[in-house]
Every structure is written in C-alpha cells, then in structure tokens.
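These are my notebook entries on one protein model.

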Amino acid sequence: MPSTWGVLTALFNLPPATAAATSIVTALPALLVGARSYYRRGMIEFRLGNRMLVAAIPSIFIGFWISPWLPEKLYKLVIGLILAALGIQIIYKTYHQSAKQPTSSKWGSIAYGVIGGLMVGVAGLSGGGPITAGLLLLGVGMANASATSAYVLVGMSIVGALLHLSGGAVDWQAAGGLIVGSLVGALLAPPVILWLTRKPQRALVIKVILGAMLIVMGIKTIL
C-alpha cells in the first residue's frame, strides 16, 4: 500500500531525502507488528515472499544509487504508470477469473519484487503496491497476500531505512504521530482482513477497491 512519502512532501513540505528517510522509519514499526500477527496466524506464503525479498533487496541498492541522477518528474511518471497499470490488471482479473486457480510464476514474483525494491530505493516508497498487487495477480488469496506483503515489506524497509537514513535526517516531529497511527492500524489489520475476506464476495469487493486505489494513487503521483 502507499507509503507516507507523498504525505510528507505535500503536507509537511519536507525535502525528498528527508521525506524518504522519515517515511521508511514511520512504516517499519507497524510492519513488524503486522507481520508478527500474520505469522502467528500462519497466513504468510514464505516461498513466494522469500523469492520477492531476494529480488527486491539488490533493487533497493540500485534504486538508491541511481536516485540522485533521476529527475523527480521522471520517476513520479514511471511510478504512477506502474501503480495505475497494476490497479487495472487487478480489476480486470477480478472480473475475468477462470475456474482454475492460477499457479504462481517464478519470474512474475521476481519482477514484482524488483519493482517494489526500486520504489523503496529511489524515493523511500514502501513498495507495498507492487508487492501486494503482484501476489494477487499471481493467484494468492487476499488475506494471504496482505500477510505475505507485510513480511516482504519488513525486510525491504529495514534495508531501505539503513540506506535512506544515511542520506537524509528523519523529521521525528512529523514521524511521531504517523507511527502511532500506523501501529494502531497494524494491530487492527489482521482480524479485519480475515473478516473481510471470509466470504468470497467480500474478497472480490476488496480486490476491486484495492485496484481502484492503485489507479487513483498512480494518477495522483503523476499529477
């Protein structure tokens, strides 16, 4: 899901480097709490998650190293197009599901991991959009996709935090309230996700909402 990077730059007027470091630090505590809760419920798909994580970590370093030479408008355009395309794919697939459950693609999971890692490395974004969307497009159920995404994002955020902290100071005043709010959300998320996805009809609605959110996020990022 979207990171706080856009909020920090737009509402708090933080410089991109500071916003990136603050965004990563803000997200990490909530991700740890959420991943632990999902793990205790046995909801994490470790095989897919580990594959995505192995692909994402080198991409974080690459994104971080090339970020100083990338114009802000260019990477916003690319990120926006990726998010919008993923949203469209999720909605399309939701309404065109085959009776046979699709099998997970090795190269597909690697590609989504790379995209997520680049987002973390370049701008301090969480990378949750392509990771969650990728898991859904690979045939993982909504609840397990949320759980596996949280697990992958923990590893990505630790690496991203270490890199971005070296390039930009954390604005703790802006981060404080966001951390508290995200922790509350992380505690509530697993039982809420389970309740929402218990019935297939609800799960389909959530997928459509997620797809629509990704499209809106993509458009707002470009604009």
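How many helices and how many strands are there in the protein? I counted nine helices and zero strands, where helices (H or I, at least four residues) and strands (E, at least two) are DSSP runs numbered from the N terminus. Along the sequence the pattern reads α-α-α-α-α-α-α-α-α.

**Basis.** I note that the model is predicted, that local features need pLDDT of at least 70 and side-chain atom pairs pLDDT 80 or more, and that totals for chains, interfaces and linings use all residues. Residues are numbered from 1 along each chain as its sequence is written, and side-chain values use heavy atoms, with hydrogens and water left out.

**Whole chain.** Buried residues make up 48% of the 223 residues; buried means under 20% relative accessible area, exposed over 50%, and partly exposed in between (1.4 Å probe, protein chains only). I then looked up contacts (heavy atoms within 4.5 Å). Among those between residues at least 6 apart in sequence, 84% join residues at least 24 apart.

**Helix α4.** This helix covers residues 72-95. Its 24 residues should span 34 Å at 1.5 Å a residue, and the end C-alpha atoms are 35 Å apart, which agrees; the expected span is 1.5 Å times one less than the number of residues. I list its buried residues as Y75, I79, G80, L83, A84, L86, G87, I90 and T94. An α-helix has 3.6 residues a turn, so residues three or four places apart point the same way.

**Helix α6.** I found ten of the ten residues of α6 buried, so this helix is largely enclosed by the rest of the structure. The buried set includes P130, I131 and L135. After α6 comes G139, with a positive phi near 100°.

**α4 with α6.** The two helices pack at an angle of about 25°, with their axes 10 Å apart. Axes are lines fitted to C-alpha atoms, for helices over the stretch in contact, and angles run from 0 to 180 degrees between N-to-C directions. That makes α4 roughly parallel to α6 (under 35 degrees is roughly parallel, over 145 roughly antiparallel, 65 to 115 roughly perpendicular, the rest oblique). I recorded the crossing as left-handed, that is, with the near helix turned anticlockwise from the far one by less than a right angle. L83, L86, Q89, I90 and K93 of α4 meet G129, P130, A133, L136 and L137 of α6. The contact residues divide into seven nonpolar, two polar and one charged; Ala, Val, Leu, Ile, Met, Phe, Trp, Tyr, Cys and Pro count as nonpolar, Asp, Glu, Lys and Arg as charged, and the others, Gly among them, as polar.

**α4 with α9.** How are α4 and α9 oriented to each other? Their axes come within 7 Å and cross at roughly 160°, and the helices are therefore roughly antiparallel. The crossing is left-handed. Its contact residues divide into 18 nonpolar, six polar and two charged.

**α6 with α9.** The axes of α6 (residues 128-137) and α9 (residues 200-222) come within 12 Å and cross at roughly 140°, which makes α6 oblique to α9. This crossing is left-handed. G129, T132, A133 and L136 of α6 make the contact with K207, L210 and L214 of α9. I sorted these residues into four nonpolar, two polar and one charged.

**L204.** This residue lies in helix α9 and is partly exposed, with a relative accessible area of 33%. The C-alpha atoms of L204 and Y95 are 8.6 Å apart, although 109 residues separate the two along the chain.
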